Amino acid sequence: MQWPSGLKPRDAQGLACQTLSVLISYRKCFEPPRQHVLVEVLIAGLSGQPPTIKTCLQALSLSAFELPNSMKRFLPNILTKLSQIMTNASMAVHIIDLLAIVGSLPYLYANFTEADFKLVFGVALQYLRLHNRPETSPDTSWALSQHVRVMSYYIVYLWFLAVKLPDRPKHVKYITRQLLLANEGQDDIDEPAEVCFDWLARYTYASADPRPTDSLLKDIVTNPAAHKNAPEAISEKTWLVGNALVTIRALAKIGWVEVVARRASGLTRILARIENVPMVGPGEVDPDTLSIPAILSMNHENMNAPAPRPDPITGYVWQGSAPSQRRKEVAIDPSFFALQLSAYGRNIKQRRSKVVDTSSLPSLFRTIDRMPVIDTHKVGIMYVSPGQTHEREILGNVHGSPAYTRFLEGIGRLINLRGQVDVYAGGLDPDEDGEYAYAWWDDIGQILYHTATLMPNHEHDPHFNYKKRHIGNDFVRIIWNDSGRPYRFDTLSTQFQFVNIVIEPHSLGAIAAFSNNLHENEYFRITIQHAPGMTEFTPIGNFKLISAENLPLLVRQLSLLADWFVSVFQHTQGDTVQVEMQTNWRARLQAIKRFRAQIPPLQEPEEMEGILGQESSRDFTVEF
């Protein structure tokens, strides 16, 4: 074979990998051995030049959806190679994208060993060491480096939750060492690492939610109406325990205490009855006849409602208003309880200290409790009918094609917004914006989709400003384009023009989009439109073809990755200001640290010789 003039072999390798990426979605045309060969070729491309490596990483991200058996077979080899090519943010973003996608597909890592999980953590944490190096290239996009930094921690969280609960403690030592190495040369670890340690302490020994919900037991035990003229609690004290605020309340109901631990990674509430306290109080005749039925009732509900496995498409389901009402497998190790009351990882200067001046605590608690304990994202979805080009036509649509409807059913769970208390609603008002919305979530974050076709049209709103005030303010929009024409980036007139994820049927003619034949549109074309000045940050490249069955899964991941990047891009004023991105967890940590800074330092006792030298430590009233 004779090479065309001027074409170098390394360039030909890149072109070949780009061509192969188009064939991935046509997997049904290839026998399994051929599919394995295709993935092996892409793995070999990871040893090529940077453009070829990037192309192969993007193709492997697509293969995770379309060639799962081949990816599962070669995944350990891929992870080993990833650790060798983590060189800078421009390359790392595609590595992180691949790990995020693979981490969202449990089938791929179902047979992972401890060593395999360690490879994943090593790749993600490797970038943190690169990020903290002072000799970072000045040409590196600051927004991109911040995005990859945030996503590196996201990968740690995502994959740590993928580890079975009994095996999680085995990985803490390795992760701890890598986090400390990433902060080598500093006086103390940085705040993102501090948050990570706090998060690990929450999920190493439990799969409980990061925020509690009210229960029948709590309503009965803390309800002051059951105690005439009595407050809810008869006493309350708060301690600073490391980077946590631990509040213990002795409730009016005799023998009951409530423990609340507010930390960066969440809030834990524990209701407990001290068995040493008699069930009959002074002047009472009957024993505690209220809390016992409540406990039995809760147990009865749990026995009648076994937790099913999460749906592979829509994830866990919130059956009400709070995260802790999700149905999932929950397990608690005794160490979880001990850690919530512990100052783990802190030095003696930040040991447990009782808060003496409590005047500012109510305001502080309100501030912290308003901060989400998960990451929240909102993404717009618009449907473009055949021939439509103007925003009024597009926003006015109240339904789409059958293929579009099936896509919505796969991208998230339809939730009722009315009466929601703890679910992130993305600013939607059920009285004005419709009672339902699509959303998806896990233990780390939630995506609320502002879906134009779900929002009602109002007679007094001919320009559809009610819809536009939400979708127009979203950083990322998903455009289902059945118009038969290219979708213009600025079709929706808004100052928030950042990223459009455009979906188009990969078939001849727009009329086929309205067929209800499940096999009419087997494949779809996805392209990414982004604002000027943005660097490449998704695994799509120029475009990607994806099968209908995997389309919702890929687009959901793209919307999450895109919203993260755009949030950083806007926070850095279009990649012009070097400021760090704040997560919800970090904001909670900072609130606690600001409160700590206002407390006078502990008075160190005078040193005394002999047995009296123990006096200060023996006098527990100082701390309690």
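Val476 stands opposite Val499 of strand 11, where strands are DSSP runs of E with at least two residues, numbered from the N terminus. Strand 10 (residues 476–481) runs parallel to strand 11 (residues 499–505), and five bridges join them; two strands are taken to pair if DSSP finds at least two bridges between them. The model is predicted, so that local features need pLDDT of at least 70 and side-chain atom pairs pLDDT 80 or more, while totals for chains, interfaces and linings use all residues. Residues are numbered from 1 along each chain as its sequence is written, and side-chain values use heavy atoms, without hydrogens and water.

Eight strands form an open sheet of mixed pairing, in the order 7-8-9-6-10-11-12-13. Strand 7 (413–416) and strand 13 stand at the edges with a single partner strand each, so one side of each lacks a neighbour in the sheet. Strand 12 (residues 523–530) pairs with strand 13 in the antiparallel sense over four bridges, and Arg525 has Leu545 in strand 13 as its bridge partner.

In a regular strand the side chains alternate between the two faces of the sheet. Strand 13 (residues 544–547) is covered on both faces: Lys544 and Ile546 on one side are buried, as are Leu545 and Ser547 on the other. Buried denotes under 20% relative accessible area, exposed over 50%, and partly exposed the range in between (1.4 Å probe, protein chains only).

Ile611 lies in the loop between helix 19 (584–598) and helix 20 (615–618), helices being DSSP runs of H or I with at least four residues. Ile611 is exposed, with a relative accessible area of 64%.
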